[in-house]
Amino acid sequence: MRVIQFSPPDISDYEINAVVDVLKSGWITTGQKTKDFEKEISQYCQTYKTVCLNSATACMELTLRLLGIGEGDEVITSAYTYTASASVICHVGAKPVLIDTSDNSFQMDYDKLSEAVTSRTKAVIPVDIAGVMCDYDRIMSIAEDKKSLFIPSKSNDIQEALGRVCVLADAAHSFGGVYNGKNNGTIADFTAFSFHAVKNLTTAEGGAVTWNEIDGINSDEIYKRFMLLSLHGQSKDALAKSHGTWEYDILNTGYKCNMPDLMAGLGLAQLKRYAEMLKRRHQMIGIYNDGFKNFPIQALDHKCDGANMSSAHLYLTRLPGKDISYRNTIIQKMSENGVACNVHFKPLPMHTAYKNLGFDIKDFPNAYDMYQNEITLPLHTKLSDEDIEYVIQAMIKSI
């Protein structure tokens, strides 16, 4: 029997040597490697500026804080996501507004999104499930169409400059994705990526936020504000203070979520291999799809048509017509055959924290239907073709 892990990191000697070099350098906290990683991500995404932090969660939360979003405001996101997409809304004191998915879809219902926008709405957080990017043309169109409802905070120049609801993409799954010929990072107003251990590109923990240029707002100033928010409001980081100018000020009571050079060194090495890893992920999806084509297993479409490309982060399948009990039995059978599976996601209204906020899964029937028979199969670049064939046969036997 083979043992197939769900999502181990793909770490080669190249990454190991890169981290060792950082350890030997004598500088392991935020320094030149982190600045280099930010520049490389901007170049990869084709954006002007990027900020690297210790998680995608921090990236989203600090973006909401940068926008001055707080008590009395509303932020819309999907009911079908991991808690980070919504918990950051709670962290800043705003009200999360959850949207059901469309019928037979993992993405939010855009008609319901449009209906949910009010004069209190300050942002929407779309979620790119499994690496497949949302319909950003539709989302940006909704933001523009609802401009007449938007009331910016007079104390926030970015809100005033946008003049509409801000679109903050939860792109934790979709680094490297392409939508209608545009690189991920260049479409939403702000885009947050995750480099957690299970992600396509990993820094063990970590994330990055990049953004489109905003008329009337200097992106270098946005970068500085992120730096202040991410390091206690301190006017100089450790690298700047190391050049003989120790004096600094605390400009605001900020937070502590900077990315150290150790993580950035790992990320820089991973980024060098990333094109190769993306190619391999799409090859594996092709093997899975061929293996399941004659069986009652429905797989998420990872678009790859030139103009659109998923980052191929997760291989989501569904067993149409089956319920939670049946799905869980299949996952147990797969485990008994050495294959680790997962579920993406248990809708937020099913969790205690969101029940306590007043959400009820009965109000999100489409999200529940997607969840009750979803199984995520292993998809990572440590898998061989033979491993994938083993998973396919184990799945077929289990159903």
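Which element gives the most to the lining of the largest pocket? The answer is α3, with three residues.

## About the model

This is a predicted model, in which local features need pLDDT of at least 70, side-chain atom pairs count only at pLDDT 80 or more, and totals for chains, interfaces and linings use all residues. Residues are numbered from 1 along each chain as its sequence is written, and side-chain values use heavy atoms, with hydrogens and water left out.

Some terms come first. Rolling a probe the size of a water molecule over the atoms shows where empty space is left. The search uses a 1 Å grid over the protein atoms alone. A cavity is a set of points where a 1.4 Å probe fits but cannot get out. A pocket is an open set with protein on both sides within 12 Å along at least five of seven lines. Lining residues have an atom within 4 Å of a point. Grid points are joined across faces, edges and corners, and a volume is the space filled by probe spheres set on the points. Helices (H or I, at least four residues) and strands (E, at least two) are DSSP runs, numbered from the N terminus.

## The pockets

The largest pocket holds about 480 Å³ of space. Its lining has 26 residues, and Tyr82, Ala172, His173, Ser194 and Lys199 are the closest to its centre. Two or more lining residues come from each of α3 (56–66) and α4 (84–91). By class, the lining has eleven nonpolar, eleven polar and four charged residues. Here Ala, Val, Leu, Ile, Met, Phe, Trp, Tyr, Cys and Pro count as nonpolar, Asp, Glu, Lys and Arg as charged, and the others, Gly among them, as polar.

The second largest pocket has a volume of about 270 Å³. Among its 18 lining residues, Lys35, Tyr223, Met227, Leu228 and Asp237 lie nearest its centre. The elements α2 (32–45), β1 (50–53) and α8 (219–230) each give two or more residues to this lining. The largest share, five residues, is from α8. This lining divides into seven nonpolar, six polar and five charged residues.

## The cavities

How many cavities of 30 Å³ or more does the structure hold? There are three. Of its 14 lining residues, Pro8, Asp10, Lys199, Asn200 and Arg281 are the closest to its centre. The lining comprises five nonpolar, six polar and three charged residues.

The second largest cavity contains about 60 Å³ of space. Its lining is made of Leu113, Val117, Val124, Ile139, Ile142, Ala143, Lys146 and Val165. Helix α6 (residues 136–145) gives the largest share, three residues. Seven of the lining residues are nonpolar, none is polar and one is charged.

## Buried spots

Is Gly177 buried or exposed? Gly177 counts as buried because its relative accessibility is 2%. Buried means under 20% relative accessible area, exposed over 50%, and partly exposed in between (1.4 Å probe, protein chains only). Gly177 sits in the loop between β5 (166–170) and β6 (178–179). Met309 is 132 residues away from Gly177 in sequence, yet the C-alpha to C-alpha gap is 5.4 Å. Leaving aside neighbours within four places in sequence, Gly177 is in contact (heavy atoms within 4.5 Å) with Met133, Lys182, Asn183, Asn184, Met309 and Ser311.

Helix α13 (residues 365–372) has these buried residues: Asn366, Ala367, Met370, Tyr371 and Gln372. They pack against β11 (315–318), α11 (324–336) and β12 (374–377).
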